[in-house]
Amino acid sequence: MVTLQHYLFLSAILFVLGAVGVMFRRNLIVILMSLELMLNAVNLTFIAFSRYLGSIEGQIFVLFVMVVAAAEVAVGLAVAVAVFRQKGTVDVNEINLMKW
Amino acid sequence: MIPIPEVNLGGILPALVLCLAGLVVMMLGLFIRRGAVATAAVVSIAGVLIAAAANTPLRMMDKQAFAGLINLDAYTWFFNLLILISAGLTVLTSVRYLTDDGLDMYEYFVLLLFASAGMMFMVSANHLLIVFVGLETLSIAIYVLVGILPSSKKSKEAALKYLLLGAFSSAVFLYGAALLYGSAGSLGFPELAKYFKAGQISRMAYVGMGMVLVGFAFKVAAVPFHMWTPDVYEGAPAPLTGFMSVGVKAAAFAAFVRVFFQSMLPAQMNWIEIIWLLAALTMVLGNLAAIVQDNIKRMLAYSSIAHAGYLLIGMVAGKEAGPAGMLYYLLAYTFTNLGAFGVVALVGRKGEANVMIDDYRGLAKTNPFLALAMSIFLFSLAGIPPTAGFVGKFTIFSAAINAGYIWLVVIGVLTSAASVFYYFRVVMKMYMEVPETQPAELQFSPAMLLALGIALVGVLYIGVFPTNYLNLAALSVKPLF
């Protein structure tokens, strides 16, 4: 029997994996993928709750998240390309003109 | 039969006008070969003015639209106006900046208008979904704007950092929203308020609330979620930095206050302590870090972090006086900071060659008006009477004292005393020192002169005659309570 808790745990694990990826991976493309993972973990949470509560609102939210994520990743990749053209690398450690 | 919901576009007319103006600029840009910037600026200003006219009826309204998703009230009216002021002034300060650098980019104005429309949705939201959509509309436009300078490596790097951290914070915000949804069953503010009022708040809802708070803290650049701010502010084009420090911050604070006061007020005891801590950290770290900067954009970035701390005091103070103080403060800050960044854009010259504090040496000799204007803006940032910044700080601090948060006010007063040091260093450089090399003549454009004039009049006028504006702010927060 797969219960709500299973879905919540799975999405929490996915979210944390994504967050860890954003923080520790150095390749820009991988970081963008990790961000997608985080957003999809959120989507899974919404869907699970939506099903559990019997309310449609969560699923509508997911549609919006998907649209926004697509736009965000489009801009993200565009910026990555622009950075690569200038620097010849997508390693975030090399992108350090300004101190953090 | 599916009932057709009542659709009334009147309420979101200001945002629609801005979107339309953006589309018009986009179309015109295709047909105009040269000088697209000037045309784009004229159309943008027209759009901003029409939107301001369309915004006026909101002041008297107090209702919801779009099946309860959008709030049309005085609070929305006030922030729409604030956003329009900052968008308008940014357009004026940007024209010369872009043409001087040989950037004939009408896209800049398109994105600026779309970002402003996103902010308007964000401040009028009555549902977390609208907050999210507005937030992302504005963020994605701003990511592109930050990286718009084609040859600047810093600009690209800033865009990248902003995008990564912005998307990360959005994901955290969303996860919080998902957890709140699971607890309350809906993300509409009235439903959330009902859930929090009922008193049986689950642990999951607390976690969700905390994550939403972190998402907002990122956007308003509160310590310890401020790491992106100095880099992004340094790398972005100077007029846009002004827009980010004012427009984006105001919109984020508006939604922050709306979400926490309208829907989570019963759980106030739980979040107020966290915001207390954020405010204290933000003020201390922002002001201390600003002291050691030698790049003026970085210094103003840390100063804007510090100002987020003062604004958070208003949130801690609560009741009606705290948020009302924040509204007045944001209005004062809009004029002050846009003026200051206008001067930075002007002095910076082509390719932002002069953005060090040392580049301001002897500005009073070569350009007395500019030095005077910059001094007044810096006085206002430091909170010295008779400028608007003083009245803003005074109202927020007195609201906090009335609410019993003496220690927070002590920290606020001490740190703003420390801030006088770094603001005055620039004034000293302008008036007391002489430049090493003879600088080239600064060229004012009429638009820049107009923008600086408006900012200057704004800072002084609402500082000397604050009563009307304080009443306005008090009136505008009424719908929240």
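Residues are numbered from 1 along each chain as written, while chains are lettered from A and ligands numbered from 1 in order of writing. In this predicted model, local features need pLDDT of at least 70 and side-chain atom pairs count only at pLDDT 80 or more, whereas totals for chains, interfaces and linings use all residues.

**View 1. The fold of chain B.** Chain B holds 19 helices and two strands (DSSP runs numbered from the N terminus: helices H or I, at least four residues; strands E, at least two). Its C-alpha trace spans about 70 × 55 × 40 Å along the principal axes. Of the 481 residues in chain B, 63% are buried (20 or more other C-beta atoms, placed from the backbone, within 10 Å of the residue's own).

**View 2. The annotated domain of chain B.** UniProt, in an unreviewed entry, lists residues 125-416 of chain B as "domain: NADH:quinone oxidoreductase/Mrp antiporter transmembrane"; such annotations may be inferred rather than shown by experiment. This span is 79% helix and 0% strand, with its end C-alpha atoms 33 Å apart.

**View 3. The contact between chains A and B.** Chain B contributes 31 residues and chain A 30 residues (contact: C-beta atoms, placed from the backbone, within 7 Å). On the side of chain B that touches chain A, α6(B) gives the largest share, 16 residues.

View 4. The unreviewed UniProt entry marks residues 6-25, 37-54 and 60-84 of chain A as "transmembrane region". Residues 6-25 of chain A are 95% helix and 0% strand, with end C-alpha atoms 28 Å apart. For residues 37-54 of chain A, the values are 94% helix, 0% strand and 25 Å.

Definitions and conventions
Contact = placed C-beta atoms within 7 Å. Buried ≥ 20, exposed ≤ 12 C-beta atoms within 10 Å, placed from the backbone.
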